[in-house]
Amino acid sequence: MVGKPSKRAISSPAKSRPVAASPARGPAAIMIAKRLEEDIVLGRRQPKERLIEQDLSDLFQTHRGDVRLALFELEKKGLVERIPNRGALVRGLTPLEVKEIYAVREELEVMAVRIIPFPVGNKDIERLEQLQRQHAAAIAAGDLLSVFYSNLSFHQALFGLCGNACLIETIDLLARKVYGIRSYANAFPESLDGARRDHLDMIKALRASRRNDLVALTRRHLKPSPEAYIKAYERRFGKADLAPAP
């Protein structure tokens, strides 16, 4: 049975407790960036939420310079944006931006699976099966952080089979831009179970060299996250105009 994540834990969980930076965990800025990235991808920090340097310095018991470096790294990943006179905020993608990013993601990911050389070797299939089992175990345990990263690893391994380094890099770049919206679909057990089943079906399609099935699964797999995010965005900020500005 799939573990049922708490919706409350996704939508409005408590902020992280203060933690002193430990030399064993690497430079403070790297640790802070990792913790904030986890907060964003798990929905602990909401779109357009301010990230105040002094507050974060107090939270992590470090200097503002470390916080500034961490925010800079998150800005490069597309998780944080800086607005004049307001400072750093969690990147709040509009519904139009989400639709545009996912339209491009779909075409690129379909391109990747169309050029995967068939038949796929047993070692590659076994690697995907191992990652799928990790993802399924994380769902069953209700460990949403492991769900996020194991899902990411599965798709990196899948698209890596295409062998086109430029395409792989571009897919990864666009995936990073929407890290912050994944938690909205992951709030629902049916979405998590759908993702789990999609992974199993993708492996079956690869093993049987059924490319058309793999393409269809790739398109379907992308739908839940943007749909859930846009619904949540419109509940919070009102109905959005999805037409581009003239």
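Let me start with one pair. Glutamate 53 and arginine 64 form a salt bridge, with their closest N and O atoms 3.3 Å apart. By salt bridge I mean a side-chain nitrogen of Lys or Arg within 4 Å of a carboxyl oxygen of Asp or Glu. Glutamate 53 sits in helix H3 (residues 53–60) and arginine 64 in helix H4 (residues 64–77), so this pair ties together parts that are 11 residues apart in sequence. Helices here are DSSP runs of H or I with at least four residues, strands are runs of E with at least two, and both are numbered from the N terminus.

A word on the source. This is a predicted model, in which local features need pLDDT of at least 70 and side-chain atom pairs count only at pLDDT 80 or more, while totals for chains, interfaces and linings use all residues. Residues are numbered from 1 along each chain as its sequence is written, and side-chain values use heavy atoms, with hydrogens and water left out.

Back to the pair. Is glutamate 53 buried or exposed? Its relative accessibility is 13%, so glutamate 53 counts as buried. Arginine 64 is partly exposed, at a relative accessible area of 39%. The cut-offs: buried is under 20% relative accessible area, exposed is over 50%, and partly exposed is in between, with a 1.4 Å probe and protein chains only.

H3 and H4 pack at an angle of about 110°, and their axes are 9 Å apart. That makes H3 roughly perpendicular to H4. Axes are lines fitted to C-alpha atoms, for helices over the stretch in contact, and angles run from 0 to 180 degrees between N-to-C directions. Under 35 degrees counts as roughly parallel, over 145 as roughly antiparallel, 65 to 115 as roughly perpendicular, and the rest as oblique.

Which residues make the H3 and H4 contact? From H3, they are Glu53, Gln54, Leu56 and Ser57. From H4, they are Arg64, Val67, Arg68 and Leu71. Contact means heavy atoms within 4.5 Å. By class, the contact of H3 with H4 has three nonpolar, two polar and three charged residues. Nonpolar covers Ala, Val, Leu, Ile, Met, Phe, Trp, Tyr, Cys and Pro; charged covers Asp, Glu, Lys and Arg; the others, Gly among them, are polar.

Next, the whole protein. There are 12 helices and three strands. Buried residues are 46% of the 246 residues. Among contacts with a separation of 6 or more, 74% join residues 24 or more positions apart. The search of the whole structure finds 21 salt bridges.

On to helix H2. H2 (residues 28–41) packs against helix H7 (residues 144–160) at about 95°, with the axes 10 Å apart. H2 and H7 are therefore roughly perpendicular to each other. Glu37, Glu38 and Val41 of H2 meet Leu145, Phe148 and Tyr149 of H7.

Glutamate 38 forms a salt bridge with lysine 34, at 2.6 Å between the closest N and O atoms. Both lie in H2, four residues apart, about one turn of the helix. Glutamate 38 is buried, at 9% relative accessibility. Lysine 34 is partly exposed, at 48% relative accessible area.

Arginine 176 and aspartate 172 meet in a salt bridge of 3.3 Å, N to O. They are four residues apart in H8, and so about one helical turn separates them. Arginine 176 is partly exposed at 25%, and aspartate 172 is partly exposed at 22%. There is also a network of salt bridges, which links Asp39, Arg44, Arg45 and Glu49.

Next, helix H6 (residues 122–141) and helix H10 (residues 189–207). Their axes come within 10 Å and cross at roughly 170°. That makes H6 roughly antiparallel to H10. The H6 side of the contact includes Ile125, Leu128 and His135. The H10 side includes Ala195, His199 and Ile203. By class, this contact has nine nonpolar, four polar and three charged residues.

Last, histidine 221 in helix H11 (residues 211–221). Histidine 221 counts as buried, at 16% relative accessibility. What does histidine 221 touch, leaving aside its neighbours within four places in sequence? Asn151, His155, Ala195, Asp198, His199 and Met202. Histidine 221 and methionine 202 are 19 residues apart in sequence and 10.0 Å apart in space, C-alpha to C-alpha.
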